[in-house]
Amino acid sequence: MTKAIATKTKDAAKVVQSQLDSFSVRMTVAVLRKALSDSDADALTLFRVADAVCRCLKSLPQTDKVASALYWANSAMAYDDDETLARFCLAKAFEALTC
């Protein structure tokens, strides 16, 4: 009886974690979409967005999509003085998560 309850609890925890991971990805996509659509966002703002995206993606299971998006978000952080390149890298991160 105790083993059955423990198994159900573990299964429920896995489901909840999976739902949280999905929610994290959806929120990350929303943040990227907003940052890319904001034409007034400067390089420093995009750097901060990239930093937040990296922090979020590092906590997720590393699938190919997440790893690719993390690579591009890290690349965007290198261009804290160049808005065009930072925007390009964030667009690639967005593309990696949405394709």
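How near do the axes of helix 2 and helix 3 come, and at what angle do they cross? They come within 8 Å and cross at roughly 150 degrees.

Two notes before that. This is a predicted model, where local features need pLDDT of at least 70 and side-chain atom pairs count only at pLDDT 80 or more, while totals for chains, interfaces and linings use all residues. Residues are numbered from 1 along each chain as its sequence is written, and side-chain values use heavy atoms, with hydrogens and water left out.

Now the helices. When I say helix I mean a DSSP run of H or I with at least four residues, strands being E runs of at least two, and the numbering goes from the N terminus. Helix 1 covers residues 2-37, helix 2 covers residues 43-58, helix 3 covers residues 64-77 and helix 4 covers residues 83-98.

Two packed helices are described by the angle between their axes and the distance between the axes. The axes here are lines fitted to C-alpha atoms, for helices over the stretch in contact, and the angles run from 0 to 180 degrees between N-to-C directions. Under 35 degrees counts as roughly parallel, over 145 as roughly antiparallel, 65 to 115 as roughly perpendicular, and the rest as oblique.

Back to the opening pair. Helix 2 and helix 3 are crossing at roughly 150 degrees, and are therefore roughly antiparallel. The residues in contact, meaning heavy atoms within 4.5 Å, include Phe47, Ala50 and Leu57 of helix 2 and Val66, Ala69 and Leu70 of helix 3. The crossing is left-handed; that is, the near helix is turned anticlockwise from the far one by less than a right angle, and clockwise would be right-handed.

Next, helix 3 and helix 4. Their axes are 8 Å apart, at an angle of about 170 degrees, so this pair is roughly antiparallel too. On the helix 3 side the contact includes Lys65, Ser68 and Trp72, and on the helix 4 side it includes Phe88, Cys89 and Lys92.

Ala43, Leu46, Val49, Ala50 and Leu57 in helix 2 meet Glu83, Ala86, Arg87, Leu90 and Leu97 in helix 4.

What do the buried residues of helix 3 pack against? They pack against helix 2 and helix 4. Buried means under 20% relative accessible area, exposed means over 50%, and partly exposed is in between, with a 1.4 Å probe and protein chains only. The buried residues of helix 3 are Val66, Ala69, Leu70, Ala73, Ser75 and Ala76. Helix 3 has 14 residues and reaches 20 Å from its first C-alpha to its last, close to the 20 Å expected. The expected span is 1.5 Å times one less than the number of residues.

Helix 4 has 16 residues and should span 22 Å, and its end C-alpha atoms are 22 Å apart, which agrees. Its buried residues include Cys89, Leu90 and Phe94. Asp82 caps its N-terminal end, with a side-chain oxygen 3.1 Å from the backbone nitrogen of Thr84.

A polar atom of its side chain lies 3.3 Å from the backbone oxygen of Asp38. A polar contact here is a pair of N or O atoms within 3.5 Å; within protein, one must be able to donate a hydrogen and the other to accept it, and residues adjacent in sequence count only if both atoms are side-chain atoms. Leaving aside residues up to four places away in sequence, Arg87 touches Ala35, Leu36, Asp38, Ser39, Ala41 and Leu46.

Now some residues of helix 1. Thr28, in helix 1, counts as buried at 3% relative accessibility. Beyond four places in sequence, Thr28 touches Val53, Cys56, Leu57 and Leu97. Ala30, also in helix 1, counts as partly exposed at 35%. Lys10 of helix 1 is exposed, with a relative accessible area of 58%. Its C-alpha atom and that of Cys56 are separated by 24 Å.

Last, the loop between helix 3 and helix 4 holds Ala78. Ala78 is exposed at 53%, and its C-alpha atom is separated from that of Asp11 by 40 Å.
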